[in-house]
Amino acid sequence: MKTKSVTEKTMKVCLVGSSGGHLTHLYMLKPFWKDKDHFWVTFDKEDARSLLEGEKVYPCYYPTNRSLKALVKNTKIAWDVLHKEKPDLIVSCGAAVAVPFFYIGKMMGAKVVYIEVFDRIDKPTMTGKMVYPIADKFVVQWDEQKKVYPKAVNLGSIF
């Protein structure tokens, strides 16, 4: 599918990730997403509800840790949400809920950017390994992570 041309102002962004640290990590990118049309996909948990009050949020299924049931449910959610919203860019720093959003989004022509977590320095995360082959941009926060992900870009710490 052909990627549509968008300007920085008209770009629609999907921010997808687990609640907790992953969500906090994405929220810290606020200087990037705050002036863009954006929406969130995360767990319907108290920390997410509190942090994202007033934001457009689509809840996803959890727990996701190596769960085939969760993958199937979140794939259906990804299909529905992405067909409704049609984002130009999907950004995530994990965890597993990102996988169906990245693969379906990529098939629909969205660009996908993955940010490997800060606390994993010399080993890949399961999600990182799964999305690395299709990521348009794979971001790491340590030079040591480039040994694991040679095509990654080190933009330094988000924290």
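**Salt bridges, strand pairing and buried elements**

At a relative accessibility of 43%, D44 counts as partly exposed; here buried means under 20% relative accessible area, exposed over 50% and partly exposed in between, with a 1.4 Å probe and protein chains only. The structure is a predicted model, in which local features need pLDDT of at least 70, side-chain atom pairs count only at pLDDT 80 or more, and totals for chains, interfaces and linings use all residues. Residues are numbered from 1 along each chain as its sequence is written, and side-chain values use heavy atoms, with hydrogens and water left out.

The side chain of D44 forms a salt bridge with that of R49, with N and O 2.7 Å apart; a salt bridge is a side-chain nitrogen of Lys or Arg within 4 Å of a carboxyl oxygen of Asp or Glu. R49 is partly exposed as well, at 42% relative accessibility. R49 also meets E46 in a salt bridge, at an N to O distance of 3.2 Å. E46 is exposed, with a relative accessible area of 53%. E46 and R49 are separated by about one helical turn, because they stand three residues apart in helix α3 (residues 46–51); helices (H or I, at least four residues) and strands (E, at least two) are DSSP runs, numbered from the N terminus.

In total, six salt bridges are counted. One of them joins K106 to D136, with the closest N and O atoms 2.7 Å apart. This pair ties together parts that are 30 residues apart in sequence, because K106 lies in helix α5 and D136 in the loop between α6 and β6 (137–140). Both partners count as partly exposed, K106 at 30% relative accessibility and D136 at 35%.

K12 has D37 in β2 as its bridge partner. Strands β1 and β2 run parallel and are joined by five bridges; two strands pair if DSSP finds at least two bridges between them. Strand β2 (residues 37–43) also pairs in the parallel sense with strand β3 (residues 57–60), over four bridges. In that pairing, V41 is partnered by Y58 of β3. Strand β2 is mostly covered, with six of its seven residues buried.

Helix α5 (residues 98–107) is largely enclosed by the rest of the structure, because seven of its 10 residues are buried. The buried residues in α5 are A98, V99, P100, F101, F102, I104 and G105. Their cover includes β1, β2, α4, β4 (89–92), β5 (111–115) and α6 (126–131). Just after α5, G109 takes a positive phi of about 100 degrees.

In strand β5, V112 is buried at 0% relative accessibility. Apart from neighbours within four places in sequence, V112 is in contact with I90, F102, K106, I134, A135, D136 and K137, where contact means heavy atoms within 4.5 Å. The C-alpha atoms of V112 and A135 lie 5.4 Å apart, although 23 residues separate the two in sequence.

Several loop residues have backbone features of note. Most residues other than glycine have a negative phi, and most peptide bonds are trans. K86, in the loop between α4 and β4, is a residue other than glycine with a positive phi, near 50 degrees. K86 is partly exposed, at 45% relative accessibility. The peptide bond between Y62 and P63 is cis, with omega about 5 degrees, and P63 lies in the loop between β3 and α4. A cis peptide bond also joins G94 and A95, with omega about 0 degrees; A95 belongs to the loop between β4 and α5.

The backbone nitrogen of A95 is reached by the side chain of S18 at 3.2 Å. S18 sits in the loop between β1 (12–16) and α1 (21–27) and is buried, with a relative accessible area of 5%. With neighbours within four places in sequence left aside, the contacts of S18 are L23, T42, F43, G94, A95 and V97.

On the surface, L68, L71 and V72 form a nonpolar patch with about 290 Å² of accessible area together. L68 is found in helix α4 (residues 68–85) and is exposed, with a relative accessible area of 63%. Patches are made of residues with over 30% relative accessible area and no salt bridge, like charges being joined within 9 Å and nonpolar side chains (Val, Leu, Ile, Met, Phe, Trp, Tyr) within 5 Å; accessible areas come from the Shrake-Rupley method with a 1.4 Å probe, and for residues only the protein chains shown count as cover.

Definitions and conventions
Polar contact = N/O pair within 3.5 Å; in protein donor to acceptor, adjacent residues only side chain to side chain.
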